[in-house]
Amino acid sequence: AAVREFAQRRAAFIEQRFEEVRAEHPGLGSAEVLAKILSDEGYAAAVRDVPIGEQLCQQHCPVSNVAHEFPQLCEAETEAISKVLGRHVQRLATIAHGDGVCTTCIPDVPTDMPTITDKKKERVS
C-alpha cells in the first residue's frame, strides 16, 4: 500500500502540469503536451501517429531501475496519463521490464461514440 501511495504521488506531476502546459502551448495536441511534460522530467518522450491513434514513447526512464522491482510506478504513471486524457490508454512496453522504450497506446475515440457526459444527459432526460 505504501509503494502504491508513493507511486501515485510521484506520478502526480502529470496531472499537476497538464493544464498549465496545454495553456502555454495551445498548438500541441494532448499527447504532445504529455510528451513535453515527461521530457521536462527527464523521460525524452515523443509522440508517433499509428493507425489506431497515437503512441507516446519514452526513450529514457529516470526510475527504471526502481520500477523494475516496483511496477506500481509504471502503473501509476499509466493511470495519470489516462486520467488527464479522459480515456483508456494501454501500456505496450516498459523499460523497467527490459523493453527498449516505454510505449503507451492512445487510441482515437470514435466521433460517433457517446461520451460520459452524453450518457449522464440520457439518464437525466
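## Worked exercises on a predicted fold

Gln55 has a relative accessibility of 13% and therefore counts as buried; the label buried applies under 20% relative accessible area, exposed over 50% and partly exposed in between, with a 1.4 Å probe and protein chains only. The model is predicted, so local features need pLDDT of at least 70 and side-chain atom pairs count only at pLDDT 80 or more, while totals for chains, interfaces and linings use all residues. Residues are numbered from 1 along each chain as its sequence is written, and side-chain values use heavy atoms, with hydrogens and water left out.

### Exercise 1: Around Gln55

Find the element that holds Gln55, then list what Gln55 touches beyond four places in sequence.

Step 1. Gln55 belongs to strand β2, residues 53-58. Helices (H or I, at least four residues) and strands (E, at least two) are DSSP runs, numbered from the N terminus.

Step 2. Contact means heavy atoms within 4.5 Å. Leaving out residues up to four places away in sequence, Gln55 touches Ala46, Val47, Arg48 and Val50, along with Leu92, Thr103, Thr104 and Cys105.

### Exercise 2: The nonpolar core

Which residues of the largest nonpolar core touch the most other members, and which element gives the most to this core?

Step 1. Start from the rule: a nonpolar core is a set of buried Ala, Val, Leu, Ile, Met, Phe, Trp, Tyr and Cys residues joined through side-chain atoms within 4.5 Å.

Step 2. The largest such core has 30 residues, and those touching the most other members are Ile14, Leu34, Leu38, Leu56, Ile81 and Leu85.

Step 3. Two or more residues come from each of α1 (2-24), α2 (30-40), α4 (72-85) and β4 (102-107). Of the elements, α4 gives the most, with 7 residues.

Step 4. Now look at Leu56 itself. Beyond four places in sequence, its contacts include Ala31, Leu34, Ala35 and Leu38, as well as Ile81, Cys102 and Ile106.

### Exercise 3: Helix α2 and its cover

List the buried residues of α2, then look at how Leu34 is placed.

Step 1. Buried in α2 are Ala31, Val33, Leu34, Ala35, Ile37 and Leu38. Their cover includes α1, β1 (45-50), β2, α4 and β4.

Step 2. Leu34 lies in helix α2 and counts as buried because its relative accessibility is 1%.

Step 3. With residues up to four places away set aside, Leu34 touches Ile14, Phe18, Leu56, Ile81, Val84 and Leu85.

Step 4. Just after α2, look at Gly42, which takes a positive phi of about 100°.

### Exercise 4: The cysteines

Step 1. Set the rule: a disulfide is a pair of cysteine sulfur atoms within 2.5 Å.

Step 2. Cys61 is in none, and its nearest cysteine sulfur, that of Cys102, is 5.1 Å away.

Step 3. The sulfur of Cys74 has its closest cysteine sulfur in Cys102 at 5.8 Å, which is too far for a bond.

Step 4. Check burial too: Cys61 is buried at a relative accessible area of 10%, and Cys74 is buried at 12%.

### Exercise 5: Salt bridges between helices

How many salt bridges does a search of the whole structure find? Trace where the Arg4 and Glu75 pair, the Glu15 and Lys83 pair and the Asp40 and Arg17 pair sit.

Step 1. A salt bridge is a side-chain nitrogen of Lys or Arg within 4 Å of a carboxyl oxygen of Asp or Glu. The search finds 8 of them.

Step 2. Arg4 and Glu75 meet at 3.9 Å, N to O. This pair links distant parts of the chain, Arg4 in helix α1 and Glu75 in helix α4, 71 residues apart.

Step 3. Glu15 pairs with Lys83, the closest N and O atoms being 3.2 Å apart. Glu15 lies in helix α1 and Lys83 in helix α4, so parts 68 residues apart in sequence are tied together. Glu15 is partly exposed at 36%, and Lys83 is exposed at 59%.

Step 4. Asp40 pairs with Arg17, with closest N and O atoms 3.3 Å apart. This pair ties helix α2, which holds Asp40, to helix α1, which holds Arg17, across 23 residues in sequence. Asp40 is partly exposed, with a relative accessible area of 41%.

Step 5. Finally, salt bridges that share partners join Arg4, Glu75 and Glu79 into one network.
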